[in-house]
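Thank you all for making time for this.

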Amino acid sequence: MVERVGLRIGNASGFYGDRFAAVREMLTGGPLDVLTGDYLAELTMLILARDRLKDPARGYARTFLRQMEECLGLARERGVAIVVNAGGLNPARLADELRDLARRLGVETAVAHVEGDDLLPRRAELGLPEGLLAANAYLGGFGIAACLREGAELVVTGRVTDAALVVGPGIAHFGWAPTDLDVLAGAVVAGHVLECGAQATGGNYAFFGEHDVTRPGFPIAELHADGSSVITKHPGTGGAVTVGTVTAQLLYETGGPHYLGPDVTARLDTVRLSAEGRDRVRIDGVRGEAPPATLKVGLNSLGGHHNEVAFVLTGLDIEAKADLVRRQFAEALPPGAGPAELRWTLARTDHPDAPTEEAASAVLRLTARDPDPAKVGRELGRAAVELGLAGYPGFHLTAPPGPGAPYGVFTAAYVDAKTVEHTAVLPDGRRIAVPPAPVTGGSVEVGHRLPEPLPAGPTRRAPLGLVAGARSGDKGGDANLGVWARTEGGWRWLAHVLTVERIKELLPETEELTVTRHLLPNLWAVNFTIAGLLGEGVAARHRFDPQAKALGEWLRSRHLDIPTQLLDSPEAVS
């Protein structure tokens, strides 16, 4: 890697299925030292586990292999190292496939991989539950660093933390030690900003109307030896890099101020952001603490089978029609044939005196789950269809009922880091054992005082989203919801008004759940964790929005009494 003021690390993938052309765009759009790609998520690991069941040679992100067929020569020509977690459940096999590809293309490439995260073969030894499809520990960046230091030009990993894809190149380039906690924490924060691709450059951004996000570019972190970084993107690409877009990504899928990882615990409440010119945001001030002595392990298993039937209710008497469907359906199922779980959800998407039939319609959704596929298959569909001429006026379904499908369950476990055999497998076949963090410890409890409240003054009833942004997502069965103010005055108001009690009032789904609030004053933000909102995780499809992607936008649409001085501010959305 060439020495520069900062190590330029780009991202070309935030999930398995992201923009295929991004690898080429990042390699041709401007200078880079390292190109990373994040292909894994909780749902992706389940998908790959089912792939591996069908064929033991699979279990990796095949899209990446096709991207390399197109761009491997370009990467080598430009001297860009590539680090990806596309190995999924089978990094060794993907590494072999990449070596074969390089030979076919005539491109000399030193390929290495990282393994040891797959704990399924050691399930009984480690006390993990039976019936798992996958069990993968979240590894850190030192295995990646070992591969790069030994000459690897393309590094494939399995389940590492998303940020490790940036931390590893930083360790290799700057020579950081495991005890350099502050610089490692800074790299983790940079990695967290990059990991979801275009979410850092205006994608999924609350104030998207302020920028051209038709086709946002992918982000770059200029990483420095002290752990600070500048987030930017290639010149001329779409989207924007602002303090707001970076704040939004920092709040995504995080909880409290302690961001736990295998290499370091990054203190998110110490992060400082500052604009450094157009499309350049500096991150500095990040403090690190010793990581925990345990590693998180993602456990994926099959939970049973599910099916869904959507009844369209049009015009008048929507509630009465929905009640009739429920009663008739209960009568139509033979005794003892019903699924273990039936969930009815009525979405009142109908409008009075509507100019189109669709606008006059609501949707009553029936979701069924049972360990027995037969109970969510033919009998369920038959019971729904037989209501066709005997049901409510205007009866029809959005689609004929299908046969049902298996659903997955994600849970997390924790194992002693010393029991995980983190290994770097070098281009020449040598294997290097990567030791766990030498110093571990518990996080110090953090408390932040509330800012001074705004002086009392006139208010106006209006949507929260006029003065605050939000970003939300999933962590297993829990939802994360981060909300930030755009001005110092907005922060003073938000910190006092957006309490746990107010969240439960604005989002009634959360009323019976445990909601935890954390203050992040440097970011003018409050971050909430909503335990259990997503049931058993995204694959279980517990609710309408199973990953809580739009939870923040729902909150922004809710009305509160907002100070007029905030609503009349230039920063307020008109």
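I will go from the overall fold to one strand and its neighbours.

This is a predicted model, in which local features need pLDDT of at least 70 and side-chain atom pairs count only at pLDDT 80 or more, while totals for chains, interfaces and linings use all residues. Residues are numbered from 1 along each chain as its sequence is written, and side-chain values use heavy atoms, with hydrogens and water left out.

The protein has 14 helices and 26 strands, these being DSSP runs, H or I of at least four residues for helices and E of at least two for strands, numbered from the N terminus. Its radius of gyration is 25 Å, close to the 25 Å that the globule rule gives for 574 residues, so the protein is as compact as a globular protein of that length; the radius is taken over C-alpha atoms, and the rule is 2.2 Å times the number of residues to the power 0.38. Buried residues, meaning those under 20% relative accessible area with a 1.4 Å probe and protein chains only, make up 56% of the 574 residues.

Now to strand β25, residues 525-530, where five of the six residues are buried, so that the strand is largely enclosed by the rest of the structure. Strand β23, residues 478-485, pairs with β25 in the antiparallel sense over six bridges, where pairing requires at least two DSSP bridges between the strands, and Val483 has Val526 as its bridge partner in β25. Strand β24, residues 515-520, also pairs with β25 in the antiparallel sense over six bridges, with Leu520 opposite Ala525. β24 and β25 form a hairpin with four residues between them, and Trp524 in the turn has a positive phi of about 55°.

Conventions:
Buried < 20%, exposed > 50% of the residue type's maximum accessible area, 1.4 Å probe, protein only.
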